[in-house]
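Let's take a walk through a protein model together. Keep the sequence and the 3D view open as you read.

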Amino acid sequence: MPLVRSGKISQDDFVQLADDAPLPEKGAVLVSAARFLADPQVLLQRPDRLGVIWPNNRDLDDLVPHLERIALVALVFPTFRDGRAYSQARLLRERYGFRGELRATGQVLRDQFVFMLRAGFDAFDVKKQADAEAFSQTVKRYSVFYQPTGDGRLAAPFRRLQLRHSESAGL
C-alpha cells in the first residue's frame, strides 16, 4: 500500500510486526496496541523508533503515558463512515501534545484527506496508488476553513479579525 507522508509518496521505514513475530534487534517497528500493552517497557527500551497501531475503539489513556517515547501512532479507520479516529487524532495533537507521526490507516479515502489533515494526521496509508498521487491536488482544493483546529491554520473568522486589525493599525 502506498504511504503519503508530508504530502509526498514515500517509503515506509517502519516494519509492521505480527503479534507473534520475533522482535528484530534493529530497525523501526510498528506493533499492535495489544502487543505494546503486553510489555511496553521491552519495546520502549529498543534503540530504534517505535510505532503503535491504535484501534479507534480503544481509550487513549493507556497510550498517553508513553507518548514521549513513541515515534508513530497509526490510528485505524475500519470503515470510511467511522470517524472516531478523527477525535483520537485531535486529542493526541491538541490535548496531549503528540509531535510524532500520526498516520491514518484502514479505509483512508481521498475525499477525507483534508479533514484528516485538519484533525492532525500527517501520514496516510492508502489502498490505491491513484489516491496517493491525487493527494497534493486534493489538499490544495481548500485554503480557508471556518472551524479552528490544532493544525496551525487560522480559521476564517479569526483571519478576518486579523485583517481588520492590520488595516486599522495601518500595516
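Which residue in S2 does Arg5 stand opposite? Arg5 faces Lys8 there. We'll come back to that pair of strands below.

## What kind of model this is

Everything here comes from a predicted model, where local features need pLDDT of at least 70, side-chain atom pairs count only at pLDDT 80 or more, and totals for chains, interfaces and linings use all residues. Residues are numbered from 1 along each chain as its sequence is written, and side-chain values use heavy atoms, with hydrogens and water left out.

The pLDDT is the predictor's confidence in each residue, from 0 to 100. For this protein it averages 85, and 84% of the residues score at least 70. Among the elements, strand S5 (residues 50–54) has the highest mean, 98, while helix H6 (residues 156–168) has the lowest, 69. Helices (H or I, at least four residues) and strands (E, at least two) are DSSP runs, numbered from the N terminus.

## The sheet

Picture an open sheet of 8 strands, in the order S2-S1-S8-S7-S6-S5-S4-S3, with mixed pairing. Two strands pair if DSSP finds at least two bridges between them. The edges are strand S2 (8–10) and strand S3 (14–16), each pairing on one side only.

## Strand S6 and its neighbours

Now look at strand S6 (residues 72–77), where 5 of the 6 residues are buried (under 20% relative accessible area, with a 1.4 Å probe and protein chains only). S6 pairs in the parallel sense with S5 over 4 bridges, and Leu72 in S6 is the bridge partner of Gly51. S6 is also parallel to strand S7 (residues 101–106), over 6 bridges, with Phe77 opposite Gly106 in S7. To get from S6 to S7, the chain goes through helix H3 (residues 84–95) in a right-handed β-α-β crossover (with the strands pointing away from you, the path from the first strand over the helix to the second runs clockwise).

## A closer look at Arg93

Arg93 sits in helix H3. Is Arg93 buried or exposed? It counts as buried, because its relative accessibility is 10%.

Its side chain makes a polar contact with the side chain of Asp122, at 3.1 Å. Such a contact is a pair of N or O atoms within 3.5 Å; within protein, one must be able to donate a hydrogen and the other to accept it, and residues adjacent in sequence count only if both atoms are side-chain atoms.

Conventions. Buried means under 20% relative accessible area, exposed over 50%, partly exposed in between (1.4 Å probe, protein chains only).
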